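Subject: Structure handover

Hi,

Here is the structure I promised to pass on. Please have a look, then read my notes below.

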Amino acid sequence: MNVVTKTITMGDGRTITIETGKLAKQADGSVMVRCGDTMLLATVCSAQDAVPGTDFMPLSVDYKEKFSAAGRFPGGFTRREGRPDDYEILISRLVDRALRPLFPSNYHAETFVQVTLFSADGVDQPDALAGLAASAALSVSDVPWEGPISEVRVARIDGQYVINPTFEQMEKADMDLMVAATIDNIMMVEGEMDEVSEADLLGALKAAHDAIKIQCQAQLELMQECGKAKREYCHEENDDELREQVRKECYDKAYALASSCCADKHKRETGFKQIREDFKAQFSEEELETKGALIDRYYYDIERDAMRRCVLDEHKRLDGRQLNEIRPIWCEVGYLPAPHGSSVFTRGETQSLCTVTLGTKQDEKIVDQALEQGKQRFLLHYNFPPFCTGEAKAQRGIGRREIGHGHLAWRALKRMIPADYPYVVRVVSDILESNGSSSMATVCAGTLALMDAGVKIKKPVAGVAMGLISENKGTNYAVLTDILGDEDHLGDMDFKVTGTKDGITATQMDIKVDGLSYEILERALAQAKEGRLFILNKITECIAEPRPELKPQTPRIEVLTIPKEFIGAVIGPGGKIIQGIQAETGAVISIDEDDNCGRVEVAANNKESMDAAISRIRAIVAIPEVGEVYNATVKSIMPYGCFVEFMPGKEGLLHISEIEWRRIEKMEDTGLKEGDKIDVKLLAIDPKTGKFKLSHKELLPKPEKK
């Protein structure tokens, strides 16, 4: 067994070890990465040959956390791990986006990368190690790949950038970024911030890249010691003569269309398609069986080159806009009458219809992951139906794309919801049209819908997607504001930035080329700020601030704080008291126990129900006062008197001698029965037993002595 180990020392003294040659040796590559007692196994397997006709990189990346890693049982009836949850899918996407651009463009074999958390100490965050583990597994394998890369989390804590902070440290962070890079270039960024400046974001990227360079160097040394050569492959057959023919006959036509400034997406697509089909028309069906796929591939390259040359040489974009120009925007709030809040945000050919639903504590999302348990009070869901791009196909559930785009918008907006806001908030964005950056449209539509619902957000948030066309390792480049779908697909960068007028709240960046300098990043951030402020003005023109009142159909919520010792009294034995209040008033009541008090949340659809429920709760937590008069309810009749409830949960004996001034021989003579109301005065509370001495006769005129 040839075990090779490399150790990386981080700035705070913690170490990361990468070990290969011990586990999963039948995989093409495998490593175990360890930091403290947190351990992840990464494996890679790649087919020897490509599936015939495949002209893309069929890469699958899966990140999985075992509940046993934290000494826990999974939930559910089967008590075993099931399909990946949203968090695992998001980490899988982060790793995928960093690895995918570095595979050779002509490598088309199915490749599977799996990263599994097998041990977790609850101190170090394993998701920050997943990219390093995946890269190391590829590096020690024979799979062709232009890595290594690594991925780190960078947070700003007390003004300092911290690499791979612990769970405890993250509680004080105002910036949380995941950054992936090669030893030379940043490849991927995603994270959230508390309204930070563009300069602060650049500082975080530089700090992360410095740490990544060390981790990449360790992988290069690991590769050298393992000494495994990369495999030879041939997944593409080319016809240089045909390639040149396609360029000669199609390039000028494609360039003319790209520079015609056609703003209609479908008309433009039809035009590009027609150029290709006209070229194919000169071939017979038999010839197209062998040459058709090659023509498609070569024509794609022609179309890409034509669009890029228009931008770089003439500063002409496909739809005729200036490089920093944003497409026309229109927006509307309150479009849907029944939801608690709604909006439509349209930017060019991208449109989001957003709704807001306000709920109670019972609507919180339960989080049950291997390393995190808790509840979420702000939810955002994103839907991308096929019709939004004109595709004729059925919608089959939610994919990784929807989860990733929705999570970015969630990160952009979540810090704007006040921490003490009593409602659980759910935002749903349905994309009705898409031609570039529907996630940023979701952020804008979400802001509008939240303000329409009367949610007291701190500030409006807007988002914009930036693109890049570059050549010669970035020496000649153009930064594009508010990119189209084609500009994203054919360009070199997709850089999404969201924020308020005062700073950035979230970002996501994917780089598709080598040589992206900090100068280009700085230019893109400055241009993004300009675009963001422009869009914010459009939003505030539509609705300047949250509505002062909730919609009539929105349930009302009030929060009471009660002494901790009264929580049990409000709930009652087996929940009897709280269930009774809910049944009688129609309100929904939830109780949380904080450190020193109880937090009672009361939700109702009308003021009468709300007032009745609050009155009952306040009566329960009120302290009985000697000398006070209470309207009591007779609960049971005894030969010696009757038991009455004079406050919710407070009962006492009204003795037969305290009912009237006259002497009463039998309770039947009083005429009292169960359920009757009677005023009583609290005369005393026994300090030893806590029993209440009650009297009704003290409220009656005392007869004169004969």
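The second largest cavity has a volume of about 30 Å³. A cavity here is a set of points on a 1 Å grid, over the protein atoms alone, where a 1.4 Å probe fits but cannot get out. Its volume is the space filled by probe spheres set on the points, with grid points joined across faces, edges and corners. Lining residues have an atom within 4 Å of a point.

Before the rest, the basis. This is a predicted model: local features need pLDDT of at least 70, side-chain atom pairs count only at pLDDT 80 or more, and totals for chains, interfaces and linings use all residues. Numbering starts from 1 along each chain as its sequence is written, and side-chain values use heavy atoms, without hydrogens or water.

Back to the second largest cavity. Its lining is Glu19, Thr20, Gly21, Lys22, Leu23, Ser30, Val31, Met32 and Leu41. Strands E2 (15–20) and E3 (29–35) are the elements that give two or more residues to it. E3 supplies the largest share, three residues. Strands are DSSP runs of E, at least two residues; helices are runs of H or I, at least four; both are numbered from the N terminus. By class, this lining has four nonpolar, three polar and two charged residues. Nonpolar covers Ala, Val, Leu, Ile, Met, Phe, Trp, Tyr, Cys and Pro; charged covers Asp, Glu, Lys and Arg; the others, Gly among them, are polar.

The whole structure has two cavities of 30 Å³ or more.

Next, a helix pair. H6 (residues 265–280) and H7 (residues 285–314) pack at an angle of about 140°, axes 11 Å apart. Axes are lines fitted to C-alpha atoms over the stretch in contact, and angles run from 0 to 180 degrees between N-to-C directions. In H6, Phe272, Ile275, Arg276, Phe279 and Lys280 make the contact (heavy atoms within 4.5 Å). They meet Leu288, Gly292, Ile295, Asp296, Tyr299 and Glu303 in H7. The contact residues are six nonpolar, one polar and four charged.

Last, the backbone. The Gly147 to Pro148 peptide bond is cis, with omega near 10°. Pro148 is in the loop between H2 (127–139) and E7 (149–157). Arg79, not a glycine, has a positive phi of about 55°.

Best wishes

Methods
On a 1 Å grid over the protein atoms alone, a cavity is a set of points where a 1.4 Å probe fits but cannot get out, and a pocket is an open set with protein on both sides within 12 Å along at least five of seven lines; lining residues have an atom within 4 Å of a point.
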